Amino acid sequence: MVSGMHKRQNNLTSETLFSYIIPTIGRSSLDVAVKSVLTQDFSRADFEIIVVNDSGNPLQKADWLSLPRVRIINTNRCERCFARNSGAAIARGNYLAFLDD
């Protein structure tokens, strides 16, 4: 298993294989992090991206914000571990991958 990737133990049926959870505090590298996942060679139903905005401010405008496979949640300065756990709690994928921006 790849470092940073965890298999979920659940009985849910899902077409989503991977959930990429990206906690952020509004860094400029967020755009690069999200686009790096979007350019992976997966079929369209294989993954989702969950951006956990922990900055307390709105995210900068980006073209990927309106994509259906990208979900945004806000945790309002609760720190990285809370942001990661919040993303994991709503993830639909069988495998979780954590990617810091």
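View 1. Glu-79 lies in the loop between strand 4 and helix 2; helices (H or I, at least four residues) and strands (E, at least two) are DSSP runs, numbered from the N terminus. The model is a predicted one, in which local features need pLDDT of at least 70 and side-chain atom pairs count only at pLDDT 80 or more, while totals for chains, interfaces and linings use all residues. Residues are numbered from 1 along each chain as its sequence is written, and side-chain values use heavy atoms, with hydrogens and water left out. Glu-79 is exposed, with a relative accessible area of 55%; buried means under 20% relative accessible area, exposed over 50%, and partly exposed in between (1.4 Å probe, protein chains only). The C-alpha atoms of Glu-79 and Ile-25 are 9.0 Å apart in space, and the two residues are 54 apart in sequence.

**View 2. Confidence along the chain.** The protein has a mean pLDDT of 85, and 83% of its residues reach 70 or more; pLDDT is the predictor's confidence in each residue, from 0 to 100. Confidence is lowest in strand 1 (residues 5–7), at a mean of 57. Strand 4 has the highest confidence, at 96.

**View 3. The largest nonpolar core.** This core has 14 residues; a nonpolar core is a set of buried Ala, Val, Leu, Ile, Met, Phe, Trp, Tyr and Cys residues joined through side-chain atoms within 4.5 Å. The residues with the most contacts inside the core are Tyr-20, Leu-30, Val-34, Ile-49 and Val-51. At least two core residues come from each of strand 2 (18–24), helix 1 (30–38) and strand 3 (47–53). Helix 1 gives the largest share, four residues. In soluble globular proteins, nonpolar side chains tend to be buried together.

View 4. Residues up to four places away in sequence are not counted here. Val-51 touches Ile-22, Thr-24, Leu-30, Val-34, Leu-59, Trp-64, Val-70, Arg-71, Ile-72 and Ile-73, where contact means heavy atoms within 4.5 Å. Apart from the largest core lies another, of eight residues, among them Val-52, Ile-73, Ala-83 and Ala-88.

**View 5. The buried residues of helix 2.** Ala-83, Ser-86, Gly-87 and Ala-88 are the buried residues of helix 2. They pack against strand 2, strand 3, strand 4 (70–74) and strand 5.

**View 6. Salt bridges at Glu-48.** The structure holds five salt bridges, each a side-chain nitrogen of Lys or Arg within 4 Å of a carboxyl oxygen of Asp or Glu. Arg-92 forms one of them with Glu-48, and their closest N and O atoms are 3.8 Å apart. Arg-92 lies in the loop between helix 2 (80–90) and strand 5 (95–98) and Glu-48 in strand 3, so this pair ties together parts that are 44 residues apart in sequence. Glu-48 is buried, at a relative accessible area of 4%, whereas Arg-92 is partly exposed, at 47%. A network of salt bridges links Glu-48, Arg-71 and Arg-92.

**View 7. Salt bridges at Asp-100.** Asp-100 is partly exposed, with a relative accessible area of 34%. Arg-80 forms a salt bridge with Asp-100, the closest N and O atoms being 3.8 Å apart. Because Arg-80 lies in helix 2 and Asp-100 in the segment after strand 5, the pair ties together parts that are 20 residues apart in sequence. Arg-84 also forms a salt bridge with Asp-100, with the closest N and O atoms 2.9 Å apart. Arg-84 lies in helix 2, so this pair ties together parts that are 16 residues apart in sequence. Arg-84 is partly exposed, at a relative accessible area of 25%.

**View 8. Asn-53 in strand 3.** Asn-53 is found in strand 3 and is buried, with a relative accessible area of 3%. A polar contact of 2.7 Å joins its side chain to that of Ser-55. A polar contact is a pair of N or O atoms within 3.5 Å; within protein, one must be able to donate a hydrogen and the other to accept it, and residues adjacent in sequence count only if both atoms are side-chain atoms. Leaving aside neighbours within four places in sequence, Asn-53 is in contact with Thr-24, Pro-58, Leu-59, Ile-73, Asn-74, Thr-75 and Asn-76.

**View 9. Cys-78 and Cys-81.** A search of the whole structure finds zero disulfides, a disulfide being a pair of cysteine sulfur atoms within 2.5 Å. The closest cysteine sulfur to that of Cys-78 is in Cys-81, 9.4 Å away, too far for a bond. Cys-78 is partly exposed, at 33% relative accessibility, and Cys-81 is exposed, with a relative accessible area of 54%.
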